[in-house]
Amino acid sequence: MVKKIINNPKDVVKETMEGLLLANHGKIVKVEDANAVVRPSIPAGKVGLLVGGGSGHEPLFAGFVGDHLADGAVSGNVFAAPAPDQILAATKALDHGKGVLYLYGNYAGDNMNFDIAAELAELEGISTKTVRIYDDVASAPLERIDDRRGIAGDLFVIKVAGAAAAELDSLDEVFRVTAKARDFTRSMGVAISPGSIPETGQPTFEIGEGEIEIGMGLHGEAGVSREKLMPADELVSRMTDLILKDLPFKAGDEVCLLINNLGATTMMELLIVNRKVREILAEAKINVHDTMMGSYCTSQEMAGFSISLLKLDDELKKYYDMPAESFAFTKR
Amino acid sequence: MTIDSISLSQVKDAFHFIANRMVDSKDMLTQADQAIGDGDHGIGMARGFEAVNNMLEAKTLNNVEDVFFNTGTSLLASIGGASGAIFGSFFMGAGKALQGAEILNAAGYQKALEAGLAMVKKRGNASIGDKTMVDALEPAVDAANQYSGSSLEELAGLVAAASHEGMEKTKTFTAKIGKAKTLGERTLGHADPGAISITLIFEALKEYISSL
């Protein structure tokens, strides 16, 4: 059994939600009979933005419900998509006549459950549109981009979508800007030790003492290769090489940079990584507009990190730069 | 003597029997999923079938359709993830095909299985060879469709055997769908946990009918 500071493992999702609600001091409220939270006062006529997915990635997703961010978040069990009735309950709480945009990571479970919820919402006269995030370059080749997984790049897409949903008054327009942010985002992760699911108490994968998984997914899914642990600079060079050539990011591009802690990696390591990322981007003449660094999209106690880049154009930059405030992310 | 049909109350008992089998299989399914997935399949199925047991106690079920359909909605709401959507859709689709039936006979079981498979394929877009529960379900449906007798007991046996064979074959497939797909060849030698689950369900139903 992996050690964790919890009570009954069956209660982790419920108790996580209780703790989050208290930490928000009324800025988010729970949806009745659903493991979902919404902003208490959503302006009339606003397009709703609903994010969601499995629990266990805290502060994603519910930590990003706030002003100029998501209007609501629905969370499933640890590493499992929320069920359709939960998604529907959150959808109803968010709909103010303009419809609801569903924004989530591209996983079979999430896709099916959100699709069922969308069908149920339609029966109740609520329009929805869906943007699935697939930023992980390690999870499938470019020609099968819609087979890719959504990882920490979620954060960039939620940031832009939140601002767009606050400013634009049609679901189609919010969808368009959000899909563009998704299309301009690329990420890649690595891990040196696994996370574990509280209810099983077991690590989600095994990895040797001196090994690193390149391209590790958010639930321990295999990446591109497993290798001997290497120095940070060499690792970062390999990761950025794959990310840069995928979009591709080119000289003269302006980007936002996210270095995300998957759970147990130290800020010291992230800063060492950042220094090399910046050196490589400077050499490639790619200008970094903003940097986010910390634990945004985690996989329990997995040790590792991911690098994400969002390429900006004038429109995305406008929405990225707007102030936003939530439990896990604030921008002034 | 072979059994041609079971009554509504026997169908409810059968679903309790299935649900208990799934709850008891939690650790085995967890281990199967840890080999190629994130290890939560056993927990999810156990949680889902505990909900089915509670539903069977609490809800008024007027016909066999109700039992199948409400089993589906219970699984859909309580498991979550891909398993909830797939196993929920299977039982909901199967239930709709039973159209208020008051008993379960061979013809009804055939129709239910076929409709369940159609719902699963519509929802998950999986085909034979993708290393999913469809690899065990589709051969079971094929076996059912080839059967022209009237014995529910015999049909349940054919379905369970075909499903088991399909499940065994998943050991030779690499995963092409779901979280296991990026493991590729590392999934060889391991059966798909969803295929194991649907086989357990069919085997439990067969055992229940044979025990009557």
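Predicted model: local features only at pLDDT ≥ 70, side-chain atom pairs only at ≥ 80, totals over all residues.
User: How many aromatic pairs does the structure hold over all chains?
Analyst: A pair of aromatic rings is described by the distance of the centres and the angle of the planes. Rings pair if their centres lie within 6.5 Å. Over all chains, the number of aromatic pairs is ten.

User: Is the pair of A:F64 and A:Y296 stacked, edge-to-face or tilted?
Analyst: The ring centres of A:F64 and A:Y296 are 6.3 Å apart, with 40° between the planes. Planes under 30 degrees apart count as stacked and those over 60 as edge-to-face, with the rest tilted. The pair of A:F64 and A:Y296 is therefore tilted.

User: How many residues apart in sequence are the parts that A:F64 and A:Y296 tie together?
Analyst: A:F64 lies in the loop between strand 3 (48–55) and strand 4 (66–67) of chain A. A:Y296 belongs to the loop between strand 14 (287–294) and strand 15 (303–311) of chain A. The pair therefore ties together parts whose separation in sequence is 232 residues.

User: Why is the pair of A:Y104 and A:F114 stacked?
Analyst: The centres of the A:Y104 and A:F114 rings are 4.1 Å apart. Stacked planes are under 30 degrees apart. The pair is stacked because its planes are at 10°.

User: Is A:Y104 buried or exposed?
Analyst: Buried means under 20% relative accessible area. A:Y104 has a relative accessible area of 0%, so A:Y104 is buried.

User: Which ring does the charged end of A:K311 sit over?
Analyst: A charge sits over a ring if, among other conditions, NZ of Lys is within 6 Å of the ring centre. For A:K311, the distance from the centre is 5.7 Å, and the ring is that of A:F184.

Terms used: Residues numbered from 1 in each chain as written. Chains lettered and ligands numbered in written order. Heavy atoms only, no water. Phe/Tyr/Trp six-rings, centres within 6.5 Å; stacked < 30°, edge-to-face > 60°. Helix = DSSP H or I, 4+ residues; strand = E, 2+ residues; numbered from the N terminus. Buried < 20%, exposed > 50% of the residue type's maximum accessible area, 1.4 Å probe, protein only. Lys NZ or Arg CZ within 6 Å of the ring centre and 35° of its normal.
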